[in-house]
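Let us walk through this model one step at a time. Keep the sequence and the 3D view open as you read.

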Amino acid sequence: MKRIAIAAAIVSVLSVLAAQPVSAALPTPASGNAWDKNQRIEYRWKDGSEPPAWAKSAMNAAATDSNQSRKAKAATFGYDADGPAWLSYTDDLPTNWAIGYTVRNFPDGFSIRMRPHGTQLDWGTLKWCQFYDDPPNGCYDLEMVTLHEFGHAQTLGHVDEADIDSYTDTLMHESGLHSKAKLGWNQHVFGRCDVARLQIRYEPLTTGTDISTCLDLGTDLSLTPATSGIAYGSSVTMTAKLKIDATSAYPNLASEPLSDRTVLLQRRAVGTTSWTTIGEMTSVTDDSGRYVKTMTLTATYEWRALFVAPSDEGLRGSSSNVARLSVTYGCTPSTVKPDYGPLVETC
């Protein structure tokens with residue numbers, strides 16, 4: 001079975017990586033200076049090695065794939081005839097086995113070289129699937145391989161296969177890139193462990209962006225009633241705030257607000273231990289990680305907010321502090337005996 005490797009040279013200063021969380025799979029390695037958050041980097045076709053039209057289409061699609069699947073404030077890429085970065089279709093690579101090669105030239109741009117279709121290499125003949133109307137088994141998806149190279153442009157390195165659970169956890173394989181029709185041969189999104197590293201380096205795209213399941217992050221939840229006591233039958237608003245734990249090993253994630261999650265409001269009678277769920281709190285649309293619920297109260301209870309760990313995110317669950325909210329009457333009740341009927345309380 002052929003094993004094809006992608007070579008990448010990342011021209012920048014290495015950065016120290018934080019200790020990894022306890023998780024079955026680890027975030028993709030990365031090194032070098034990060035781009036500014038959401039920095040736009042435009043590329044052109046290199047003069048003298050411009051790709052054919054079918055290859056341009058695949059390579060431009062890879063830039064779109066990077067923009068849409070990064071799930072972080074990583075760089076965005078797009079074509080511009082005067083862009084500082086460039087992509088080329090050339091045999092000018094430093095080895096006779098690699099099919100793609102990336103050099104980062106921070107802070108100005110990068111260069112990506114892709115081998116031409118039909119190139120004779122040490123391992124055989126390179127076939128790009130996009131060249132064919134009916135791609136044969138054994139061809140390589142140019143869009144997927146270019147997205148791999150854009151991963152290097154984003155500072156991602158190569159993955160040790162022992163650090164992932166599944167081939168599709170990453171696009172950043174150093175060797176063994178899959179050809180048609182093996183698993184992941186036409187994967188056009190970053191893998192979950194690639195996304196994890198981009199979120200570590202650049203922050204999630206928004207406070208509502210899913211946290212990669214290649215991470216295992218604690219959360220912190222607090223609850224604050226608008227007051228500690230209200231009159232019988234009055235309304236009060238409860239406010240909860242959800243964020244990533246401040247002790248996270250990753251500075252760009254520590255204390256990051258978490259919006260658009262499911263946060264439940266619960267209560268219990270004073271002196272008891274069993275909680276009852278009253279309902280789901282509403283996420284406030286200001287990226288603050290705040291959740292609110294307004295209720296009309298007729299009795300004194302203890303309250304808490306609850307965030308249950310989601311199965312599709314790398315977040316742990318948490319419960320808030322317990323807040324007691326006392327309900328008082330507007331007068332002193334007294335017991336009276338009407339002419340007919342049982343005893344009743346009245347003011």
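A disulfide joins C129 to C139, with 2.0 Å from S to S. Remember that this is a predicted model. Where does the pair C129 and C139 sit? C129 lies in the loop between β8 (124–125) and α2 (142–153), and C139 lies in the loop between β8 and α2 as well. The pair therefore ties together parts that are 10 residues apart in sequence. Look along the S-S bond of C129 and C139. The torsion there is about 100 degrees, so this disulfide is right-handed. C129 is buried, with a relative accessible area of 3%. C139 counts as buried too, at 0% relative accessibility.

Now find the disulfide formed by C193 and C214. Their sulfur atoms are 2.2 Å apart. The torsion about the S-S bond of C193 and C214 is about 80 degrees, so this disulfide is right-handed. This pair links distant parts of the chain. C193 belongs to helix α3 (residues 192–202), while C214 is in the loop between α3 and β9 (219–225). The two cysteines are 21 residues apart. Both C193 and C214 are buried.

Stay with α3. Why is this helix largely enclosed by the rest of the structure? Of its 11 residues, 10 are buried, so the rest of the structure largely encloses α3. Among the buried residues of α3 are C193, V195, L198 and I200. D194, R197 and R201 are also on that list. What do the buried residues of α3 pack against? They pack against α1 (53–69). Just after α3 comes E203, which takes a positive phi of about 80 degrees.

Next, turn to the largest nonpolar core, which has 43 residues. Which of its residues touch the most other members? They are Y43, F77, L87, F110, W128 and F150. The elements giving two or more residues to this core are β2 (40–45), α1, β4 (85–89), β6 (109–114), α2 and α3. The most comes from α2, which gives 6 residues.

Zoom in on Y43. Leaving aside residues up to four places away in sequence, Y43 touches a set that includes M59, A63, F77, L87 and F150. N60 and D80 are also among the residues that Y43 touches.

One more region remains. A second, separate core has 32 residues, including L221, V263, Y291 and A323.

Conventions: Residues numbered from 1 in each chain as written. Predicted model: local features only at pLDDT ≥ 70, side-chain atom pairs only at ≥ 80, totals over all residues. Heavy atoms only, no water. Disulfide = S-S within 2.5 Å. Helix = DSSP H or I, 4+ residues; strand = E, 2+ residues; numbered from the N terminus. Buried < 20%, exposed > 50% of the residue type's maximum accessible area, 1.4 Å probe, protein only. Contact = heavy atoms within 4.5 Å. Core = buried A, V, L, I, M, F, W, Y, C linked by side-chain atoms within 4.5 Å.
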